[in-house]
Amino acid sequence: MGFSKDNLTGFILALLSSGFIGASFIIKKKGLRRAAAASGVRAGMGGHAYLLEPLWWFGMITMIVGEVANFVAYAFAPAVLVTPLGALSIIVSAVLAHFILKEKLHKLGILGCVMCIAGSVIIVIHAPQERSISSIQQIVNMATQPAFLLYVGSVMVLVFILIFYFAPQYGHTNVLIFTGICSLMGSLSVMSVKALGTALKLTFEGKNQLIYLETWFFMFVVATCVITQMNYLNKALDTFNTAIVSPIYYVLFTTLTIVASIIMFKDWDGQSAGSIISEICGFIVVLSGTILLHVTKDFERSSSFRGNAGNYTPLSPTLSTRLCSGNGESLKHDVEEGPSSEEYLQIGYFQVHPRCCDNLLKLLASGNFCSCWKTIKLTF
């Protein structure tokens, strides 16, 4: 299917958005490094010297430009086209990090980049055309159709259950809790962003939509969803490894956003079965490439840390016991029938029993520990 003018505009804006956002990560990281070198205190250790670093602010401005471009892209092209293209920002970031920050891009990471590009091309070729919308009332009619109301109701019920029941109990041990909340709210935020963006587009074309209460309602929904989304995304990133959170969040968020768009805007109406299958295949390829990129990024970091050590070396029973007791007194436990290696915490080159954590934290003044009883990595 040929590209319409609106689809082409949305596609170009989505590409620019990915470029700006991907580059912003590298620019901000360079700014953070420069600020840390000047002040001697890293941002991760509580330093705020980066706020006085022009390079960091340039990176922040670059990110804002990218987000604005992404916002406008939704006003011109369907979410089925725009959302998956967000994966290209990961490619930009990975490639620039390889050349500028000297962070080695693994061979499988290169394969992941190629897969993202190939999947994006497939999606672009078979993307549906943007539907013609003439007023905010038309969008309200789409948003109040029974199928979409059922989707919204299901999302709200799931979010409330996750926030008030599962999050307090399992939020810090199961990565799907926080990322699930982000993704569910994110799908609603994208639908509201598209509605608001379309209203602003019509306003700039001379059809003022700001006089309608519905436009401001969508603006309120956008603010509410984005604040909730960012809150729980920060919790997920603070609790779990970024290499785990990022691909899971991308998969859930993109999938739910596409489903919501298909229900509300009926993106697949009028498309052939072949085009729909091709879009799904392209989407799966992009998801696979994204996951591969993140997995190999974490693998490369772990490999460089371990060096040639191969396997981790468990602490001797004597040292492990003393760490657990804190004062050097022996604990009464059977060393020969101790827990399996899966139940030890990974601390650098060593494995330490979970009961050692409290006293080990007293011995090590700084470090990042994930609050779970399984394998935990400490990055020095």
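**Helix packing, a nonpolar patch and a salt bridge**

Modeller: The axes of helix 8 (residues 175-204) and helix 9 (residues 213-239) come within 8 Å and cross at roughly 150°. This is a predicted model, in which local features need pLDDT of at least 70, side-chain atom pairs count only at pLDDT 80 or more, and totals for chains, interfaces and linings use all residues. Residues are numbered from 1 along each chain as its sequence is written, and side-chain values use heavy atoms, without hydrogens and water.

Biologist: Why are helix 8 and helix 9 called roughly antiparallel?

Modeller: Angles over 145 degrees count as roughly antiparallel. The axes of helix 8 and helix 9 cross at roughly 150°, and the two helices are therefore roughly antiparallel to each other. By class, their contact has 18 nonpolar, eight polar and one charged residues.

Biologist: What makes the nonpolar surface patch?

Modeller: F3, L8, I12, L16, F20, I61 and V65 make this patch of about 570 Å². Patch residues have over 30% relative accessible area and no salt bridge, and nonpolar side chains are joined within 5 Å. Helix 1 gives the most, with four residues; L8 lies in helix 1.

Biologist: Why is the contact of K201 with D6 called a salt bridge?

Modeller: The term requires a side-chain nitrogen of Lys or Arg within 4 Å of a carboxyl oxygen of Asp or Glu. The closest N and O atoms of K201 and D6 are 3.3 Å apart, so the pair forms a salt bridge. K201 in helix 8 and D6 in helix 1 are 195 residues apart, and the pair links distant parts of the chain. The whole structure has five salt bridges.

Note on methods: Axes are lines fitted to C-alpha atoms, for helices over the stretch in contact, and angles run from 0 to 180 degrees between N-to-C directions. Angles under 35 degrees count as roughly parallel, over 145 as roughly antiparallel, 65 to 115 as roughly perpendicular and the rest as oblique. Ala, Val, Leu, Ile, Met, Phe, Trp, Tyr, Cys and Pro count as nonpolar, Asp, Glu, Lys and Arg as charged, and the others, Gly among them, as polar. Patches are made of residues with over 30% relative accessible area and no salt bridge: like charges are joined within 9 Å, nonpolar side chains (Val, Leu, Ile, Met, Phe, Trp, Tyr) within 5 Å. Accessible areas come from the Shrake-Rupley method with a 1.4 Å probe; for residues, only the protein chains shown count as cover.
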